Amino acid sequence: MTVLHQYTYIFALSTFFAFLDAWNIGANDVANSFATSVSSRSLTMKQAMAVAAVCEFAGSVAVGSRVADTIRTRIVDPHLYDSSPAVLLLAMMCTILGSSTFLTVATRYGMPVSTTHAVIGGLVGSATASVGITKVNWGWTGVSQVFAAWVIAPGLSGVFGALLFYLTKKAVLTKETAVKRAFLSIPVYTFLTVGALTMLVAWRGVRDEEVPLSTVLISIFSVAGGVVFLQCMFLMPFLWVRIMRQDWTLRWYHVFYGPALLRRPPPPPTPSGFLKPRIKDYYRGHLTPEELAYVRASETLLQSVQTPDGAPPSTADKDDDAMLLPPPATVSAPPVHPDRLSKEDDSLIPPRPAGPSTSFTVLAWRVNRFLLRGIEQDVIGMQQRNAVLKWDIEDMHSRAPHYDNRAEYMYSALQILTAAAASFTHGANDVANAIAPFTTAYEVWSTNTVPEMVGVPIWVLCFGGGAIVLGLLTYGYHVMRTLGNRLTLISPSRGFCMELASAITVLMATRLSLPISTTQCITGATVGVGLANGDWRCINPKLVGWIYMGWIITVPVTAVISGSVMAMMLNAPGW
């Protein structure tokens with residue numbers, strides 16, 4: 001058995017582009033899972049990074065497929081390469097090159113695209129250039145599933161998201177007792193979320209073995225029931241004392257006191273000067289229709305008193321006009337974003353240390369600024385700016401009703417749970433398959449054979465997982481700003497429904513072995529929840545069309561890139 005050492009440079013290139021591909025999964029796909037949590041202020045960028053790192057690794061290693069087809073979804077019969085395995089090695093390199101190149105450009109411009117479909121497009125291009133377009137499987141078991149996913153994935157998740165939020169809105173958020181109802185709904189939604197995640201683990205298993213239905217049901221009720229029991233013992237008393245009793249002396253570690261918190265004496269009066277907010281204002285920076293109309297009327301008034309030649313009014317005029325307006329704090333509006341100056345949103349960028357630029361402390365500071373650049377971005381502030389498409393973001397946000405922040409706080413914990421579940425299902429559904437071309441390249445290079453099936457080694461999953469985490473850390477904010485408040489107003493209750501709907505859709509696709517995209521799921525769920533507000537202008541239709549265009553061009557663009565490189569390398573003259 002001859003090892004293809006003469007083509008080590010091809011495998012080296014495959015390794016580089018595989019890292020770039022996995023890096024883009026983190027910057028694009030994983031960012032999708034946490035865009036709603038960061039946009040609703042349930043998680044900071046640093047917290048999202050920590051949760052994603054744990055859940056992505058756990059999903060891919062524990063539940064992700066340990067065995068993958070040599071060619072993703074059987075786009076082409078691998079035995080067509082039996083006579084020349086080196087061509088298959090080159091095809092895998094070109095596949096990863098086409099996918100990673102397109103994803104890098106798409107991520108840079110904040111376009112949420114499907115990394116799974118990018119790999120499929122790359123396979124179509126390399127297969128077309130090597131064995132011919134007629135050998136590509138265009139049937140339902142092949143490329144046709146990609147086209148169907150453009151409708152199925154966002155459609156299903158949109159319906160689930162709209163239904164979940166509509167029921168939550170009608171049964172909880174719009175009621176006078178919304179806070180108490182939100183408190184009582186937490187165990188129900190937790191059971192649903194944990195049960196769906198347990199169902200995925202039981203169905204797939206760690207070795208892709210079929211599990212009897214009775215075992216699945218026992219697993220769901222035991223695991224989900226156990227989590228809800230622990231939640232009722234520890235988290236629920238903590239939330240009751242903090243929210244319903246408004247105990248300002250409560251600290252995070254008091255959650256371990258459990259039911260003993262209910263016997264806690266009433267808190268003393270809040271001392272003067274105690275300014276630390278106990279409950280976040282999740283709608284801070286988003287105006288109601290009345291507030292937006294007043295702010296814009298004030299702006300129009302200021303413009304109308306300018307002199308005819310366009311010069312600003314005199315100082316006396318400014319003082320007179322200022323008398324017509326309330327104090328600046330009354331119109332703390334999104335156009336100027338004074339809220340970003342609050343302690344909660346202070347910049348995470350430390351000042352440059354003193355000393356010459358070549359000193360160790362300054363060099364370390366510069367390295368940290370490069371590595372931590374992604375989590376030092378003001379994603380919510382970026383979402384207020386129309387950098388890609390012109391749309392009245394402030395008017396879109398004002399059309400979404402504002403609910404009690406205490407009720408939203410209840411759903412903030414649920415949103416973190418669903419974000420973790422979405423990240424876990426992403427690891428189970430996408431990560432192993434995304435690195436399958438690299439694993440195939442490694443098998444061909446090291447054995448000079450065309451394997452029917454390829455095992456995904458643990459070191460490959462760790463290699464891909466590290467690149468994924470790094471991608472989210474350094475570049476994920478580009479997609480987060482697109483899939484956040486630019487698409488619709490996101491609050492914890494809305495974000496929870498979006499993420500749970502997306503996780504349920506991915507769960508169904510995993511069970512049915514459909515290569516749907518988590519990007520399409522979370523986008524569809526976001527649109528569905530936005531429409532459930534009752535007004536189609538609660539979403540940004542221009543951005544929806546732009547995202548959909550990105551989905552459509554993914555396969556042909558990656559196919560052209562990989563096919564062109566494959567054709568040039570196969571037909572290059574030799575000396």
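Figure 1. The chain holds 19 helices and two strands, where helices (H or I, at least four residues) and strands (E, at least two) are DSSP runs, numbered from the N terminus. This is a predicted model, in which local features need pLDDT of at least 70, side-chain atom pairs count only at pLDDT 80 or more, and totals for chains, interfaces and linings use all residues. Residues are numbered from 1 along each chain as its sequence is written, and side-chain values use heavy atoms, with hydrogens and water left out. Of the 575 residues in the chain, 52% are buried (under 20% relative accessible area; exposed is over 50%, partly exposed in between; 1.4 Å probe, protein chains only). Among contacts (heavy atoms within 4.5 Å) with a separation of 6 or more, 82% join residues 24 or more positions apart. The accessible surface of the chain is about 25200 Å², and carbon and sulfur atoms contribute 67% of this area; accessible areas come from the Shrake-Rupley method with a 1.4 Å probe, and for residues only the protein chains shown count as cover.

**Figure 2. Helix H3 packed on helix H14.** Two packed helices are described by the angle between their axes and the distance between the axes. For H3 (residues 85-108) and H14 (residues 436-447), the angle is about 155° and the axes lie 9 Å apart. Here axes are lines fitted to C-alpha atoms, for helices over the stretch in contact, and angles run from 0 to 180 degrees between N-to-C directions. H3 and H14 are therefore roughly antiparallel (angles over 145 degrees; under 35 is roughly parallel, 65 to 115 roughly perpendicular, and the rest oblique). The crossing of H3 past H14 is left-handed, the term for a near helix turned anticlockwise from the far one by less than a right angle, with clockwise being right-handed. On the H3 side, Pro85, Leu88, Leu89, Met92 and Ile96 make the contact; H14 brings Pro437, Phe438, Thr440, Ala441, Val444 and Trp445. By class, 10 of these residues are nonpolar, one is polar and none is charged (Ala, Val, Leu, Ile, Met, Phe, Trp, Tyr, Cys and Pro count as nonpolar, Asp, Glu, Lys and Arg as charged, and the others, Gly among them, as polar).

**Figure 3. Helix H3 packed on helix H19.** H3 also packs with H19 (residues 541-570), at about 140° and with 8 Å between the axes. H3 and H19 are therefore oblique to each other, and H3 passes H19 in a right-handed crossing. Residues of H3 in this contact include Val87, Leu90, Met93 and Phe102, while those of H19 include Ile553, Val557, Ile561 and Met569. The contact of H3 with H19 has 14 nonpolar, eight polar and no charged residues.

**Figure 4. Asn32 and its surroundings.** Asn32 sits in helix H1 (residues 8-39) and counts as buried, at 1% relative accessibility. Beyond its neighbours within four places in sequence, Asn32 contacts Pro112, Val479, Leu483, Thr519 and Ile522. Between Asn32 and Met480 there are 6.6 Å from C-alpha to C-alpha, although they are 448 residues apart in sequence.

Figure 5. Most residues other than glycine have a negative phi, and most peptide bonds are trans. Arg41, in the loop between H1 and helix H2 (45-63), has a positive phi near 70°. Arg41 is buried, with a relative accessible area of 6%. Asn448 likewise has a positive phi, of about 60°, and lies in the loop between H14 and strand S2 (453-455). Asn448 is partly exposed, at 24% relative accessible area.
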